[in-house]
Amino acid sequence: MPKQTSQELTKQETYASENTSFLSSCNTTLHDYMKNNRDAAGQILKQIKAQPHDGGFQAHYGVEPWPVVLSSHRIDEFKEFVKELPYIAITVLKNYFGNDVEGFCDYFDSSKDVFDLLNESTIHVDEIICRHDILYSSQQLKLLEMNMGTNIGGWELDWLHADTLKAISSVAPLVDKDIAYRPVINGLTDALAKSVKALKKDSKTGNILFRATKLQPAGMEMMAQYIQSHYQASEHYQGGQVFFFADMADLQFKNNNRVYFQGQEMDAVLLLDRDMPPSLYRKLDMAYIAQHILFPDSVVHSLIGSKTLMALLHEPKAKVLLSEQQVAWVEQHVPWTVRANQDTVLWQGESHELSTLLLAQQDQFVIKKSHSLQGKDVFIGKYTSDSEWAELVRELSGQGGWIVQQFCPSDVINSANEHCHIQPVIPVLAAFGFGEVYNGSIARGVPVHLDQGVVNLGRGAEIIVLLEDRTPVSNKTADEDYTASLANNQHHSKLFREMMEALSVDEVMQQYQLSTDIDGVPDFMRHYEYTISAWPFVISRQQVAQFNDFIKPLVELMYRAVDVYFAQDSSKFANYLDEPAIVFDLLKRAKVDPRDLLIRHDIIFSEQAFKLLEINVGSTVGGWQHDWVNCVFDKSLALSDKTANWDLTYRDVTAKTFAAISSTIRRTKPNAQGNILLYSRGEQDMAQFDSFKQSYCELYQRVAKFSQGTIYFFSDFAQLQFSNDGQVLFDGKTMDAVLLTVGEDVEIPRTTMMRLVSSYLGGKIVFPDNPIHAVLGNKTMLALMHEPELHAQLDEASVAFIQRYIPWTIKVNQKQVAWQGKIHDLETLLLENKDQFVLKKARSLQGRDVFIGRYMSDEQWQACFNKVRDDNGWLVQQFCKPGPVVASSQSSEIGIYEPVWGIFDLDNEYSGAFVRAKSKGQGNGIINSAAGAIEFSVFEETNNKQQKLVL
């Protein structure tokens, strides 16, 4: 076990003091109070301890008397995390193995019976009971494991938190703050009521049966009454009673495994204790498969709790089953994991023999048993001697039931102990998720000077109560940051400012929580994977005009830059842009019309001027999803008399896209029928896919107005055919446009792509995903726009346009650069001014491969530069700080956000927008939905009298 030096401890103490973005400002207030009033804080605890205990559970582990208070933004992040994971886990688990029983049994070290139950089951998200053990590592949320079922532990804090809440509520500077605890049992009973309501079973009773062998009869009665009261309070409750029992002999199975207790049929069975004969467990599993009961402790649900599932999520085949966004989510939140019995693995892009890798990079890895509790059977390389680690690697070689995982050290935070001393602790958090809903959290922590690697109650950790800061924003509006940010709202529009001012004081507006699971939202968007704010951004007509001033000349200028800078030199083009030389030849042959491109420009407003960060080209760009949930804002905007009467316009990006494509078809193929062929993945939920197809076809036919044209869908490139004259055929019909909405993991056959390009050049199809258009999405084009050689050949107006809108950008593999009128050594410039620069990969998506100097230590920045300094595909860009605005979370909580705008350029004009934003000071500066940002719809002021228009 490594002994931490005093220097390392001091560094962690410093980090804990600075790591406040993780928490509510109430923590700083509490700790400052303790430092200045330690005796008074101690007296608060003494008085609480003197009060008689009011019953309930006694703690089996140590509970710290002072809490950690989470900010509303952190709660939003937990909500998003809990919402996304169940869908990913179920999709992969249910579809990965198909009929491969041997592959399943080998992978999970399981049996054919379990495989058969998995295939026979229908796992509904709402019936999942899960405690996600998570931590923050370098301010990134990471999953350690999923604990499934009723006996997950932690819900005891519904009773044990009371003294902690009393303590912080007695601290003078915090008495006006709204600090609350989120009860776990509330969420559990609501999820049970919802699942019982949805149970496809005749003659439902609503009865729920809990098994608990460690409770005395009086304890069972108290628990049954407590849970019953919450069960009946659920909006989904339709009758039924909560029962508790201990003896399995009291359980009866009748009528093909229907479950009875005390003569009454049960609709749900939950096992706080699972110790029972396998034959009875099998009967409960079969009752669940037959949909006679809800059984969240089934062997099928236990598979989701197997740590081996984390390895399965990283398998290349699993990525094919998921959307691009889900794959990015896994890569961001699930540490690299493989089974320990693999011979070779892919680590950081290179193939390694696993045993050799583990010995060579011991400190990077953890070895865990797939099924184990309380921190047992967890071996962290950094905390294990070399000899013990080598012996462990040797013993586990070829052995099933174990995993290897990347070690993610937990970020340190400050917490107060029973002596009212502030100390840095290493926390592991537990977020409860029932269905897709976040239902509270707890933490376990170990002081840094006692760090042994594993943070678990069974290994000496203490429970830290997590409370939530729900203080209305009206109590915070005197803050200078708030005032300055509200001025930025005014820059976007007068109504955007007024909306947030109204939200800060209107209690009805503050109670609104956005939900996409309502009538009017098509099925395929009911469970959108990212968080959408309850309140939109609003922009003025003047800002729309500014967007158009930027959009109109940009595409033509960028193609002119290619023509001027490279002239006839295809080699120079290929080397500079890292593109195939044939793309240059295609550019020379094609006559590009800016109206034909489908573009989303990602921009930020910095000091009230906007800057272009990147260009996204083609049919794969995201943001259109907001079109299909637009109706939810009818409800929020109607809540206030002020907002209900506003004249607002929403631009439907999907409709604008179809209008632009149909316009190009008519312009380039005058006699076309208007058929579009759209690529879609083969592996997806068919009900949602049918909803998607129907919605798309209906909208296209309404917008395009072709008498016979429609959208066709394909998932296999072998289905495409080509006539002798270059027409694209599908199912015997001529296609007029082809949209390749493919993810990064889908490889388009080279011959197919070349034939599509040939058809496009021949005027046979509209093809917005062609490489001639796609070159604008190469971020190196932004470096090209700043080349001195190019500026010397452009007119003054074009150079001024570039300098106004495009941040200074250069290729990283240069020695000398011109910066602010002087020549600099690039390495010296970057190391001495790291806060002014960003390193980014020219071709990368979703915020990956972006490193922002001001969010990195000097050592990290140096290491990052050293790694990419000679890479032709990396760039340096001037950092432009986003101008913060006041905006709302999904649950109508106001905060200060730093936004990135996605503005759509369709038919060479502004065609709508959406915004992604993170709370100011949160994270590593990367603002992307896949990295945890919240999304906002964008509305416009209008002079029309109609209250809300959709264009």
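## Helices H22 and H23

Helix H22 (residues 570-577) and helix H23 (residues 581-589) have axes that come within 8 Å and cross at roughly 120°. Axes are lines fitted to C-alpha atoms, over the stretch in contact for helices, and angles run from 0 to 180 degrees between N-to-C directions. H22 and H23 are therefore oblique to each other; angles under 35 degrees count as roughly parallel, over 145 as roughly antiparallel, 65 to 115 as roughly perpendicular and the rest as oblique. H22 passes H23 in a right-handed crossing (near helix turned clockwise from the far one by less than a right angle; anticlockwise is left-handed).

From H22, Ser570, Phe573 and Ala574 make the contact; from H23, Ala581, Val583, Phe584, Asp585 and Leu587. Contact means heavy atoms within 4.5 Å. The residues of this contact divide into 6 nonpolar, 1 polar and 1 charged.

## Model basis

The model is predicted: local features need pLDDT of at least 70, and side-chain atom pairs count only at pLDDT 80 or more, while totals for chains, interfaces and linings use all residues. Residues are numbered from 1 along each chain as its sequence is written, and side-chain values use heavy atoms, with hydrogens and water left out.

## Helices H21 and H32

The axes of helix H21 (residues 541-566) and helix H32 (residues 796-805) come within 11 Å. They cross at roughly 115°. H21 and H32 are therefore roughly perpendicular to each other. H21 passes H32 in a left-handed crossing.

H21 contributes Asp549, Phe550, Pro553, Leu554, Leu557 and Arg560 to the contact. H32 contributes Ser798, Phe801, Ile802 and Tyr805.

Technical notes:
Helix = DSSP H or I, 4+ residues; strand = E, 2+ residues; numbered from the N terminus. Nonpolar A, V, L, I, M, F, W, Y, C, P; charged D, E, K, R; others polar.
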